[in-house]
Amino acid sequence: MRFDVLTLFPELIESHMDYSIMKRAVEDRIIEVNTINPRDYTLDKHRKVDDTPYGGGAGMVLAPQPYVDAYEAVNKLENSVTLMMTPQGEPFSDEISNELAKYNQIIILCGHYEGFDERIREIIKPREISIGDFVLTGGELPALCVIDSVSRKIEGTLGKIESAHDDSFYDGLLEYPQYTKPREYRGFKVPDVLLEGNHKLIEEYRQQQKIERTKLRRPDLYKKWTEKNQ
């Protein structure tokens with residue numbers, strides 16, 4: 001999987017790849033993460049990539065020329081998809097993450113300031129993705145969320161792909177509670193069923209915990225799950 005990220009702040013993307021699971025995935029060549037700075041493609045002698053909005057208003061708008069030229073300079077694989085990180089996009093989900101993991105290349109556009117000149121959308125025609133109903137100062141954090149989530153779906157990133165099968169949302173439910181040593185801490189004990197070695201009972205207990213936790217914390221997911229499993 002190759003990620004190509006158009007960003008004004010490449011160090012924000014690159015620094016995340018220097019730690020933990022993502023670092024190992026890059027070193028093992030399971031994923032490749034490249035950054036492309038639109039400032040390198042601007043025709044403005046001061047390397048400007050934004051300007052004041054037509055019609056007035058606060059802030060600055062990202063100009064089309066640097067972003068379109070930077071995008072067109074990316075070497076695109078046959079099986080690729082282009083994303084734009086924006087609060088106006090469709091809500092990101094585990095289902096979308098699974099879908100994106102089937103591509104060989106994901107190109108991501110990160111915005112800043114008052115957002116993109118509309119012609120960037122019209123020319124590039126990206127799939128627009130949002131990580132929630134809130135606004136951030138830039139698209140790098142949302143892009144990292146997508147990269148991290150999608151990378152987990154790729155064989156080898158987690159060591160064993162089965163590690164992701166118990167994650168929240170994998171089967172439409174939240175993950176069951178987890179425990180480790182010691183058996184008791186401040187009066188709170190590990191449930192006996194997890195200590196007895198009966199794998200069938202453990203599996204049944206965990207499934208029930210997933211159902212109860214989802215029903216309590218995410219009734220919207222629980223409703224979808226029950227409708228699907230009736």
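Biologist: Where is Arg-29 found?
Modeller: Arg-29 is found in the loop between α2 and β2; helices (H or I, at least four residues) and strands (E, at least two) are DSSP runs, numbered from the N terminus. The model is predicted: local features need pLDDT of at least 70 and side-chain atom pairs count only at pLDDT 80 or more, whereas totals for chains, interfaces and linings use all residues. Residues are numbered from 1 along each chain as its sequence is written, and side-chain values use heavy atoms, with hydrogens and water left out.

Biologist: Why is Arg-29 called exposed?
Modeller: Its relative accessible area is 77%, and exposed means over 50%, buried under 20% and partly exposed in between (1.4 Å probe, protein chains only). Arg-29 therefore counts as exposed. Its phi is positive, about 60°, although Arg-29 is not a glycine. Most residues other than glycine have a negative phi, and most peptide bonds are trans.

Biologist: What makes Lys-125 exposed?
Modeller: Lys-125 has 64% relative accessibility and so counts as exposed. Lys-125 lies in the loop between α5 (118–124) and β7, and its phi is positive, about 55°, although Lys-125 is not a glycine.

Biologist: Which residues does a cis peptide bond join?
Modeller: The bond joins Lys-181 and Pro-182, with omega about 5°. Pro-182 sits in the loop between α6 and β8 (184–185).

Biologist: Why are β2 and β7 said to stand at the edges?
Modeller: The open sheet has five strands in the order β2-β1-β6-β5-β7, with parallel pairing. β2 (32–36) and β7 (127–130) each have a single partner strand, so one side of each lacks a neighbour in the sheet. From one strand to the next, the twist averages 30°.

Biologist: How many bridges join β5 to β7?
Modeller: Five bridges join these parallel strands, and two strands pair if DSSP finds at least two bridges between them. β5 and β7 therefore meet the criterion. Within β7, Arg-127 is the bridge partner of Leu-83. α6 packs on the sheet, touching β1, β5 and β6, and its direction makes about 165° with that of β6.

Biologist: What makes α7 oblique to α8?
Modeller: Helix α7 (residues 199–217) and helix α8 (residues 219–228) pack at about 125°, with their axes 5 Å apart. Angles under 35 degrees count as roughly parallel, over 145 as roughly antiparallel, 65 to 115 as roughly perpendicular and the rest as oblique, so α7 is oblique to α8. Axes are lines fitted to C-alpha atoms, for helices over the stretch in contact, and angles run from 0 to 180 degrees between N-to-C directions. Contact (heavy atoms within 4.5 Å) involves residues including Ile-211 and Leu-216 of α7 and Tyr-222 and Trp-225 of α8.

Biologist: Which members of the largest nonpolar core touch the most other members?
Modeller: Of its 25 residues, they are Ile-31, Leu-83, Leu-100, Ile-106, Ile-108 and Val-146. Such a core is a set of buried Ala, Val, Leu, Ile, Met, Phe, Trp, Tyr and Cys residues joined through side-chain atoms within 4.5 Å. α6 gives this core its largest share, five residues. Not counting residues up to four places away in sequence, Ile-108 touches Asp-4, Val-5, Leu-6, Leu-83, Met-85, Ala-143, Val-146 and Ile-147. Another core, of 16 residues, lies apart from the largest one and has Ala-70, Val-74, Met-84 and Leu-109 among its members.

Biologist: What percentage of the 230 residues in the protein chain is buried?
Modeller: Buried residues make up 40%, and the chain's secondary structure comes to eight helices and nine strands.
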